[in-house]
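Please prepare a short briefing on the model shown below, with the criteria behind each term spelled out.

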Amino acid sequence: MAFHIALFYKYTPIPDPVAFVVTQSTLCSKLGLTGRLLVAAEGINGTLSCEVSSSSSSNGLQDWIDHMTSLPGFQDVDWKLSDGDVAPFGETLTVKVVNEIVATGNANANGACDEIANYGGRHLSPQEFHSALTNASKNTVLIDVRNTFEHAIGRFETGSGLSALEPKMRAFTEFDGWCERVAPSLTDKKVLLYCTGGVRCETASCMLTRRGVGDVSQLRGGIHRYMDAFPDGDGLWRGKNFVFDNRVSMSTPPQPQQQEQHQPRIPLPAVGAGDVTDVDVDVVGRCVECHIKYDILSGNRICAVCRDLVLVCPRCATGLREFHCGAHQALKHAFFVFLDGNFTVKQLEEQRTTLVQIVPPRGRRGGGGGVGVGVGSGKTTDAAGSDQGESNGQKRETDGVAGAGLSFPAAARRDVVRACRKQLVKIDAALERKRDRDRDRARAKQGPNATGGTEDTGNNYPDDSWKMRCRSCGLHETVCSKSRVGTLTRCAANRSRQT
């Protein structure tokens with residue numbers, strides 16, 4: 001089977017997004033299209049595809065493009081077309097109304113169309129972008145506005161020492177906060193932005209320009225158009241371009257799809273299967289564990305902490321209980337999703353000891369001793385309380401954590417503390433259940449018909465202790481109101497607010 005695929009976006013006012021969705025959903029279904037189309041008052045963004053047959057000359061995707069081109073405001077859309085042998089979306093079609101066609105966390109207060117008109121960066125063709133990279137000076141800063149896992153398998157490499165600045169994001173909603181921290185160091189720089197198809201750069205350039213960064217340019221059409229312009233791999237792009245469908249990634253020159261890519265939830269391959277060694281020069285990704293070259297992202301290898309995709313080679317995957325991304329490697333021995341039946345009391349207590357050092361006491365930013373977390377400060381604070389700010393925008397911000405000898409990217413600190421606080425509640429609940437089971441087994445052994453107790457499967461007791469704990473502070477409901485006097489909290493037991 002063969003499939004035609006179109007990647008596109010357009011910022012243009014849509015007066016009635018709901019009516020637009022109804023019309024488009026009906027038309028796409030009639031034409032046999034699959035994919036995803038997001039519609040907002042500010043425009044459209046999506047990827048659609050159709051299956052093509054050698055016995056038929058019809059092309060539902062081209063018919064849809066022709067229809068869209070006839071509508072006001074859509075005459076100059078950049079339709080990025082490609083072909084594939086994998087159904088990008090299976091048989092699924094999603095057409096829906098959203099607040100933003102690219103989620104920014106409502107960073108565009110005045111509306112994306114007006115923001116782009118007033119603050120948007122200069123668009124460079126692939127050839128112009130290539131020239132800008134080739135002739136880059138020391139004053140040039142290259143920024144990859146994609147997520148960390150996308151950057152991990154492909155990026156621009158100039159060979160002249162210019163490396164892409166990667167904001168360490170799990171989602172584009174984090175970019176505005178990152179801009180707030182680094183923009184002051186970029187005001188006198190020549191900034192070059194790139195993303196998959198260009199849409200994220202539209203709003204990313206606004207976020208920088210609005211904060212005083214005067215020279216901002218972006219790759220028109222994104223990596224997709226650059227790969228079209230340099231199809232033989234003779235450009236500066238290295239590795240694969242991640243795409244948000246079943247193809248997972250694209251490369252230049254095109255390579256056969258690997259099974260693990262378009263069937264992300266199949267069982268893990270045998271040890272050594274699919275391994276990539278350092279002789280594969282076109283592979284830029286590396287296994288987060290053993291650091292050999294490897295670039296196959298799989299849906300069954302996600303971080304236990306943040307649920308992000310993780311690059312782990314099959315050899316390492318077979319020896320891991322769960323996976324942890326680069327930002328959360330420090331938690332690989334202390335943070336696990338599945339607790340019951342997998343750990344002893346001693347192991348759970350060791351995990352708890354580590355996490356307690358990470359979570360600062362309520363009302364304080366840092367823990368006692370060592371290095372404080374300093375959530376949201378964008379700086380690292382040493383034990384004496386002095387700031388250790390960034391020297392420039394390309395330095396990765398990290399923070400140590402309260403005597404634990406751990407560090408995390410600045411953008412992840414708040415999420416790490418929040419996740420660890422919730423994990424502590426889960427560990428406490430697991431410990432309670434395990435101790436209850438131990439007591440039951442001890443009583444059973446004392447009885448006349450004792451059989452040594454039942455097997456510890458971890459599934460014999462409901463998670464009552466978790467339900468009885470406050471969602472906000474993690475304390476048991478009986479002590480929550482006493483320990484949190486004067487603050488507003490929410491208890492999971494009765495779903496009511498207490499003070």
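In the protein chain, 65% of the contacts with a separation of 6 or more are accounted for by residues 24 or more positions apart, where a contact means heavy atoms within 4.5 Å. This is a predicted model, in which local features need pLDDT of at least 70 and side-chain atom pairs count only at pLDDT 80 or more, while totals for chains, interfaces and linings use all residues. Residues are numbered from 1 along each chain as its sequence is written, and side-chain values use heavy atoms, with hydrogens and water left out.

**Chain totals**

- The secondary structure of the protein chain comes to 14 helices and 18 strands, taken as DSSP runs numbered from the N terminus (helices: H or I, at least four residues; strands: E, at least two).
- Of the 499 residues of the protein chain, 47% count as buried, a class that means under 20% relative accessible area, with exposed meaning over 50% and partly exposed in between (1.4 Å probe, protein chains only).
- The accessible surface of the protein chain is about 23600 Å², and 50% of that area belongs to carbon and sulfur atoms; the areas come from the Shrake-Rupley method with a 1.4 Å probe, and for residues only the protein chains shown count as cover.

**Surroundings of Glu166**

- Glu166 is placed in the loop between β8 (154-156) and α6 (175-182), and it counts as buried because its relative accessibility is 10%.
- The side chain of Glu166 makes a polar contact with the side chain of Thr148 at 3.0 Å, the term standing for a pair of N or O atoms within 3.5 Å of which, within protein, one must be able to donate a hydrogen and the other to accept it, while residues adjacent in sequence count only if both atoms are side-chain atoms.
- A polar atom of the Glu166 side chain also lies 2.8 Å from the backbone nitrogen of Lys168.
- Once neighbours within four places in sequence are left aside, Glu166 is in contact with Asp144, Arg146, Asn147, Thr148 and His151.

**Val86 and the cysteines**

- Val86 is found in the loop between β4 (80-84) and β5, and it counts as buried because its relative accessibility is 9%.
- The C-alpha atoms of Val86 and Glu51 are 9.7 Å apart in space, although these residues are 35 residues apart in sequence.
- A search of the whole structure finds 0 disulfides (pairs of cysteine sulfur atoms within 2.5 Å).
- Cys28 is buried, with a relative accessible area of 0%, and Cys50 is buried as well, with 3%.
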